[in-house]
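Subject: Structure handover

Hello,

Here is the structure we discussed, with sequence and coordinates together. My notes follow below it.

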Amino acid sequence: MSKKKAIKIATASAIALTGAVAVAQPQAEAATNSVDKAITKATTQVNKAFNLYYNTTKKSKKLPSGSAIRKEVKLAEQYYAAAEAEIAKKGGSKSQKAAYTKKLEESKTSLNRAKKYVAAVSVTLKASRTAFADAVEVGTQSKVLSSKKALDAKIATFEKAVAKVYGSDARRLLTKTYTTPAKAEAASVDTELKVYAAYKEIESKKLITTDLKLAGEKIESVKAEVEELKAKDTKLAKNILKAVEKNNKAYEAAQVPAVESVSAINAKTLEVKFDKAVEVTAADFSVAKGSVKSNIANVTIAEDKKSAQIELTSKLTKGDYTVTVKQADKDALTGTASVEDEKVAGIQILSDNAVLAAGATPSTATVGVKVTNQYGEDVTKLNSNLTITVSGAATGATLNTDGTLTLTGIANTAKVGDSVTITLVHGATATTTTKTVKLSSATVASTVEVGALYNKDGKTLSQDTDLSADKFYLPITVKDQYGKEITSASKANSELLITNTNSAVATFADENEIKEVTINGKDVLALQVSSINLAGTTNVLAISKANGTSSQGTVTVKEGVKIASATLSAPTELVTANKDTYFPLSVVDSEGKEVTTKKALDAINDAVTPTGGTIVEVDGKGLFVKVAAANVVANSPLTVVVNTSTGKVSTQTVVPRAEAVATVVTGISADKATALRQGKSVTIANTDLVIEDQYGQVIKSDDTDDVLFTVKASDDTPFTVTPAENKKSVTITAKSNYAGSKTSDKLEFKLLDGSSNAIEASTFTKTFTVVSDETFASYKVEDVKPVYVDSTNSYTIGSDYQLAFVVKATTKSGEVVTLDSGEDYSVTGGFTVSGNKITAANIADADFADKATTVTKKVTITINATGEELTKEVTFSKEAPKAAKVELALDGTTAAATKYDLVTKESVSTAVNADTLEDLLDIIVTDQYGVKVLADNPAEGETGIDSITFTKVSGKATFTGNGTSVAKVTTAEKDAVVSTTINVGGQKATVQLTFSAAVVDAP
């Protein structure tokens, strides 16, 4: 094939390839020289690049590879530039160059279109989308907003570039592939960011304080969106909702409430209604009639805090009553009600029947009368002086204060069914009523209805219920044969038969005696639940003795919280002989809650029974089974078992190693001074040493009080070391007359063996330093706790409440020295200091602000050596000491004791009451000022036991006065276990008592 023919075939192929192009492209003609060749090469490459994106998107309906199109367009640009250069160099004359340029430029449109496509796909959205997705996942609102803005900007840039792309198919595919998903992703948080923007503006512009109305409009504008966010489980939504909740709460708090109305709702009570909930207490309400303040008996604030009822001590009289409600940091709210004097507004004769008195020939009959005031209240007993007229079978009548109208003068010939017409008139108000009644036979309990179990707080009765604190009643409604309700408990008890079908579940007070009680402000008849035992149901039958009519009620006792599991773990510390050993105990109740305190465990009406030890609580660490040191024997397996009432068992066994012995001194207690001034001393006891045993364990200070030790100084030492005779402590003194040059010495602490020989391997060396006032770089006064002043005794300070100042100096090298009052510093201020203790407050009533219980005074500490003055504020409180913590300890513990063994279990063999417990235990009460007293010793303590609550754990036992100060275990079988909770000033402690002998009918 000739070369010319081959070129023509190639050209024909190129024409075929470009046949679908909307704009005709210039075809490469046979090149006759280098310029023609360059133009042909450029034109061919441009066509290739253009067709790669255009035909692919139009025919294949897909986008070309990004790398491929970039490569082809880059080559087209290079070839196009090369052709331009070849024309400039070898294109000949000016007219020839123009002709060549025109020929080349025929492909420029296609090149520009290809370049615009590449420009569009070069605007990558991936990085912006990734940053946005990451921000959404983290959930930080500000970062989500900024990343969305960046993504939106990138999308806009991309759309602008796509709009310049030639070819609708290409534009559509680019939009579908990149723009649409990116926009959807960006829009996925539009709801969140709309809410965020609204609340961001509220916060940034402080609208709640500067423009509350606008803040409310912003909150309202995104109310629907906030509800949408509540259904989303993302960090972003949750974070925004936190801001919503915070600002909404602040908005509600900032709104100024107003009084909607004040009205009298009964003869002694005003009701005030607010337009929104108010944060007030009963003490904030006051009432005045004119300038005269009214005394308030009680204020009841509604649960929604939008209304309150104010009961006065006396009845309302005609006039205007103004209610004032104080608000913290806000103006008081006020409202006024115009009230009329109480008056009779209605009179009712309550029955169509007048009941004849008992007997064969009764001369009297009774019918109920009710007189009401304008509020509908029964005021019969205050208005019994009505004018009464009767006719018919009776000749007279008397109205009694209890509301019974006694008809008199009934002839012995009168019979059941005869009529009596009664007219009652209240003269002052002209209120009247007339009714004809018929004589009827004497009343008897005819119908009875047992209601639902009632508790004023709506609580559920369970085995855990403390009936001394929560009362439960079973209401019983009794009516006579005329439909009139019987309100007399004695009549109901005499005419009804009450049967409790399952006393093993619950019993009722005084052997099922019906009592008169008040439920929801109404006097009713009811049975009172007096004891609960098993979980389950008991039915209560009430039967009319007159006609056998009965009603049944049900009392259900839910199962109390039980122990679901009790699991022992191996001791976390090395177990050695003759040392208390603690096995961690994990207890979970039937509600899935972990029980971590002894108090919580004792409160459960169930038991975990340990074998081999006792259950104790270790502060901050939880529950353990403790095995006493005497029962821990070297190389003898030690086994502990716990059982639950449901039969679950957990066991742990360890083999104790040889008894731990003091082996090496490794330190000194940090509160012992090692920097002393000349003439000053420090005494270090064996319990102040940090001592390790042969296993590398630190021995507790409680276990080192029998350790003997010695301290050795160097030959030329500025210190005198004086050991105690028992070798359990040493006193180290900085010599006053030391003539040497040393200002410090390394003292060696060594343990002594049984023969008082030093154990060299136990040596610990500590540097002690002699310091002088000149070396002090700074001074500090430690904070003083609030000081109690007795407002009932001229604000004196009792000896137990006289707190001391502690002033410390620090040397340039960091040693700390406690200074002595008087010798090193003086104290001046608005109170009296003796030594370094505050002994008198010099306070009067006027020093306390209105309703304040504390007052603050400043003290000045003057350093004698330098004249430097330090100030410290001291708070004096007149709040009377009250129990903050109650602990039970072994009998014989003193209130001043800093270490004592707490008691959680004890054995008894007699009836138990407050006196028994005070003899058995020491009840240590710590008040809010940190002062301890013995509540079981009235001479030392300020209060005794306020109440005792007994709860059966196992076995049989009976109690009287449960939940009061005179509570008593009157009977108990041998081995019965009773949980005993002692209450002092509202703080409680519990001990479990096991009866080692039976107690029977204790007096």
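A salt bridge here is a side-chain nitrogen of Lys or Arg within 4 Å of a carboxyl oxygen of Asp or Glu. By that criterion Glu 86 and Lys 90 are joined through their side chains, at 3.7 Å from N to O.

Before the rest, some notes on the source. This is a predicted model, in which local features need pLDDT of at least 70 and side-chain atom pairs count only at pLDDT 80 or more, while totals for chains, interfaces and linings use all residues. Residues are numbered from 1 along each chain as its sequence is written, and side-chain values use heavy atoms, with hydrogens and water left out.

Salt bridges

The structure holds 44 salt bridges. Glu 86 and Lys 90 both belong to helix H3 (residues 66-90), four residues apart, about one turn of the helix. Helices (H or I, at least four residues) and strands (E, at least two) are DSSP runs, numbered from the N terminus. Glu 86 is buried at 17% relative accessible area, and Lys 90 is partly exposed at 47%. For these words, buried is under 20% relative accessible area, exposed is over 50%, and partly exposed lies in between (1.4 Å probe, protein chains only).

A further salt bridge is formed by the side chains of Lys 58 and Asp 169, at 3.8 Å from N to O. This pair links distant parts of the chain, with Lys 58 in helix H2 and Asp 169 in helix H8, 111 residues apart. Lys 58 is partly exposed, with a relative accessible area of 36%, whereas Asp 169 counts as buried at 14%.

Asp 824 and Arg 677 also meet in a salt bridge, at 2.5 Å from N to O. Asp 824 sits in the loop between strand S45 (816-818) and strand S46 (825-829) and Arg 677 in strand S34 (residues 675-677), so the pair ties together parts 147 residues apart in sequence. Both Asp 824 and Arg 677 are buried. Elsewhere, salt bridges with shared partners join Lys 58, Lys 61, Asp 169 and Arg 172 into one network.

Cores and helix H8

A nonpolar core means a set of buried Ala, Val, Leu, Ile, Met, Phe, Trp, Tyr and Cys residues joined through side-chain atoms within 4.5 Å. The largest has 57 residues, of which Tyr 53, Tyr 117, Leu 174, Val 195 and Tyr 199 touch the most other members. Helix H2 (residues 34-59) supplies the largest share of this core, nine residues. A second, separate core of 31 residues includes Val 784, Val 817, Leu 819 and Phe 848.

Contact means heavy atoms within 4.5 Å. Leaving aside residues up to four places away in sequence, Tyr 53 touches Pro 64, Ile 69, Arg 113, Ala 114, Tyr 117, Val 165, Tyr 166 and Ala 170.

Helix H8 (residues 168-187) bends by about 40° at Thr 175, the bend being the angle between axes fitted to the seven residues ending there and the seven starting there. Among the buried residues of H8 are Asp 169, Leu 173, Leu 174 and Ala 182. Their cover includes H2, helix H5 (108-121), helix H6 (126-138), helix H7 (141-163) and helix H9 (190-204).

Strands

Strands S15 (residues 419-426) and S16 run antiparallel and are joined by eight bridges; two strands pair if DSSP finds at least two bridges between them. Val 425 stands opposite Thr 432 in S16. Strand S10 (residues 353-356) runs parallel to S16 (residues 431-440), with three bridges.

Regards
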